[in-house]
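Biologist: I would like a close look at one part of this model. Please keep it plain and go step by step.

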Amino acid sequence: MTGDEGRADRDEQPSGAALPHHASPITHHLPPITHPPALLSCHDLSVKAGSLLAVQNVSAEFPAGQLSAIIGPNGAGKSTLMRALLGLDVPTSGEVRLDGRPLAAWTRRERAAKLAYLAQGEALPEGALVRDVVALGRGAGGWLWGLLPLGGWAQADEDAVTQALRRTDTEQFAERPVQSLSGGERQRVSLARALAADPQFLMLDEPTNHLDLGYAADLLTALNTEAAGGMGVVAVLHDLTLAAQADRLLLLHAGRVLAQGTPEEVLTPANLHAAYGLQAEVLRHNGRLIVIPEVGRGK
Ligand SMILES: Nc1ncnc2c1ncn2[C@@H]1O[C@H](COP(=O)(O)OP(=O)(O)OP(=O)(O)O)[C@@H](O)[C@H]1O
């Protein structure tokens, strides 16, 4: 029995059994049960990439219901950190926790049901129809010969695929082969594939790469919508003005945390100089931050 079930039993009053006047229902004396919000976190995490210690002593929290962006210069360790958060790379020390429990203690199937991953520059299977690609996202239980879902295919799976197509505005492409789509449209199909799994956390590595400003903004809007709906969204982003619209930022430099917090706390000229070796102005416009790097004019 879970704690919740026990609580429900205790709260239930026998039907028709009137309480004496002086006695108030027992529920009045109990504090409301509060569940801690879902959290993906890492604690003093160090991870090797090849022979290099690419992530060093990183502690950070990625709450559900928020869009968190991991930023930092090339080679800072962003992708390595994300892979470790997903359990794809094993840490050399420290640990990742999902809902307070070490990630290593979750089964592969449990992890696959909770965490969805959109890898950097992910290729889609040429020749496949969009709807079939999105359906692959429902394969957390595994696929037989890569074709048949092991757990059977229920109406709930079909509905989740349709919902994912709608949430990413890709329903219009559902019956088209993926190779007929533009880069930005394919990226939204990849996102739909990840959302079809109905994950608790959505992890994306440079999802706005190769997207024009319009598609990039659409994608960020879609991620904000998912976060507002309660999903934990963690994205590696290079564009700092886009990243400034996340709820939280984690700034990495040479594998270590240089700063973390709100965009206002992290995107300071001093932090940007320390991370990127860059003189930059940070402006506020209509409540948003805009990062303007100083670019030399040449001679
Ligand atoms: N297999 C490997 N063998 C050796 N070094 C590696 C390997 N994979 C990554 N690295 C190094 O680890 C460091 C961190 O790489 P990582 O891909 O995590 O950085 P990143 O911040 O995601 O970079 P980028 O923004 O360029 O994608 C880099 O210096 C990279 O060269």
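In the hairpin of β13 and β14, which residue takes a positive phi?

Modeller: Keep in mind that this is a predicted model. The residue is Asn286, with a positive phi near 50 degrees. The hairpin has two residues between its strands. Now look at the strands themselves. Strand β13 covers residues 280–285, and strand β14 covers residues 288–293. β13 and β14 run antiparallel, and six bridges join them. Next, check the cover over β13. Strand β13 is hardly covered. Of its six residues, the count that are buried is zero.

For another part of the model, turn to the open sheet. Four strands form this sheet, in the order β2-β1-β4-β5, with antiparallel pairing. Its edge strands are β2 (52–63) and β5 (101–102), and each of them pairs on one side only. Further in, β1 (residues 39–49) pairs with β4 (residues 93–98) over five bridges. Here too you can follow one pair: Ser46 has Ser93 in β4 as its bridge partner. Helix α2 (residues 78–85) lies across β1, β2 and β4. The helix runs at about 120 degrees to β1.

The residues around the ligand include Gly77, Lys78, Ser79 and Thr80. Both β2 and α2 give two or more residues to this shell. The largest share, three residues, comes from α2. By class, the shell holds four nonpolar, seven polar and one charged residues.

Technical notes: Residues are numbered from 1 along each chain as its sequence is written. This is a predicted model: local features need pLDDT of at least 70, side-chain atom pairs count only at pLDDT 80 or more; totals for chains, interfaces and linings use all residues. Two strands pair if DSSP finds at least two bridges between them. Two residues are in contact if their C-beta atoms, placed from the backbone, lie within 7 Å. Axes are lines fitted to C-alpha atoms, for helices over the stretch in contact, and angles run from 0 to 180 degrees between N-to-C directions. A residue is near a molecule or strand if its C-beta atom, placed from the backbone, lies within 6 Å of it. Ala, Val, Leu, Ile, Met, Phe, Trp, Tyr, Cys and Pro count as nonpolar, Asp, Glu, Lys and Arg as charged, and the others, Gly among them, as polar. A residue is buried if 20 or more other C-beta atoms lie within 10 Å of its own, exposed if 12 or fewer, and partly exposed in between; C-beta atoms are placed from the backbone.
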